[in-house]
Amino acid sequence: MTARLPVFPLATVLFPGLVLPLHIFEERYRALVRHLVAQPEGVPREFGVVAIQAGWEVAPAGPGARQTPGGGEVTLHEVGCTAELRQVTELADGGFDIVTVGRRRFRIADVDEDAAPYLTADVEWLPEPAGPDEVADLLAARVIAVFRQYLGLIRSDPEEISEQLPEDPTVLSHLVAATAALTVDDRQRLLAIDDTAARLRAELRLLNREAALLRQVRAVPVPLSELASPPTPN
């Protein structure tokens with residue numbers, strides 16, 4: 001089953017249940033916000049967020065790349081997540097500050113760049129797990145333990161480390177994917193995984209990898225500020 005969605009390409013990956021604030025300044029996306037706000041009560045006010053795979057400008061997605069009116073050729077990832085509009089603040093210059101929440105994962109089937117000022121796409125909804133999963137429950141407990149160790153390496157405030165983490169395996173998997181310091185490609189691969197247990201397994205590998213790298217950096221007898229600075233020319 002497919003549906004038609006407005007599409008907003010971004011240099012980030014959105015996950016279900018995660019908050020995404022946006023500053024809207026381009027006219028085509030101002031038009032998108034106005035379109036969503038004008039929807040009647042009961043109609044979902046959501047658009048698709050899709051991560052840019054290559055290039056700089058917004059472009060149609062799905063398999064392959066296309067030319068945009070602005071110039072550069074870009075490619076988008078095929079799997080994205082809808083963003084549900086929760087809060088809109090109109091600015092004096094005509095732009096908007098909005099707050100959205102990730103809702104549903106989808107795969108792009110086809111893109112139309114002419115139907116509206118912004119991109120629209122036919123999308124296929126991706127399945128989400130339903131009911132208990134013993135394997136996912138066991139993996140969730142392991143992910144929570146490893147994630148807390150990882151947080152201990154990147155945060156200095158004990159209260160931040162002891163924060164409550166969700167017990168639901170699917171919700172946890174999305175939270176970890178969105179908050180760990182991962183690359184866009186890593187996050188995109190996690191978003192595209194349909195099975196919660198498989199996503200949690202992948203996150204265990206990624207968290208262990210990142211924790212090992214952090215421990216190595218801490219073992220280097222050089223201030224982290226120097227590691228973050230470019231070398232000084234001779």
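**Close-up views of a predicted model**

**View 1. Strand E1 and its two partner strands.** In strand E3, Gly48 is the bridge partner of Val7. E3 (residues 46-54) runs parallel to E1, and four bridges join the two. On E8 the partner of Leu5 is Ala121. E1 (residues 2-10) and E8 (residues 119-125) are antiparallel and are joined by six bridges. Strands count as paired if DSSP finds at least two bridges between them. Helices (H or I, at least four residues) and strands (E, at least two) are DSSP runs, numbered from the N terminus. The model is predicted: local features need pLDDT of at least 70 and side-chain atom pairs count only at pLDDT 80 or more, while totals for chains, interfaces and linings use all residues. Residues are numbered from 1 along each chain as its sequence is written, and side-chain values use heavy atoms, with hydrogens and water left out.

**View 2. Buried residues of helix H1.** In H1 (residues 27-37), Tyr29, Arg30, Ala31, Leu32, Val33 and Leu36 are buried (under 20% relative accessible area, with exposed over 50% and partly exposed in between; 1.4 Å probe, protein chains only). These buried residues pack against E1, E2 (19-24), E3, E6 (79-90) and E7 (96-112), where contact means heavy atoms within 4.5 Å. Across the protein, 41% of the 234 residues count as buried.

**View 3. Crossing of helices H2 and H4.** The axes of H2 (residues 134-154) and H4 (residues 169-179) come within 10 Å and cross at roughly 30°. Axes are lines fitted to C-alpha atoms, for helices over the stretch in contact, and angles run from 0 to 180 degrees between N-to-C directions. The crossing of H2 past H4 is left-handed, meaning that the near helix is turned anticlockwise from the far one by less than a right angle (clockwise for right-handed). H2 contributes Ala136, Asp137, Ala140, Val143, Ile144 and Phe147 to the contact, and H4 contributes Pro169, Leu172, Val176 and Thr179.

**View 4. Glu167 in the loop between H3 and H4.** Glu167 is found in the loop that links H3 (158-161) to H4. The residue is exposed, with a relative accessible area of 67%.
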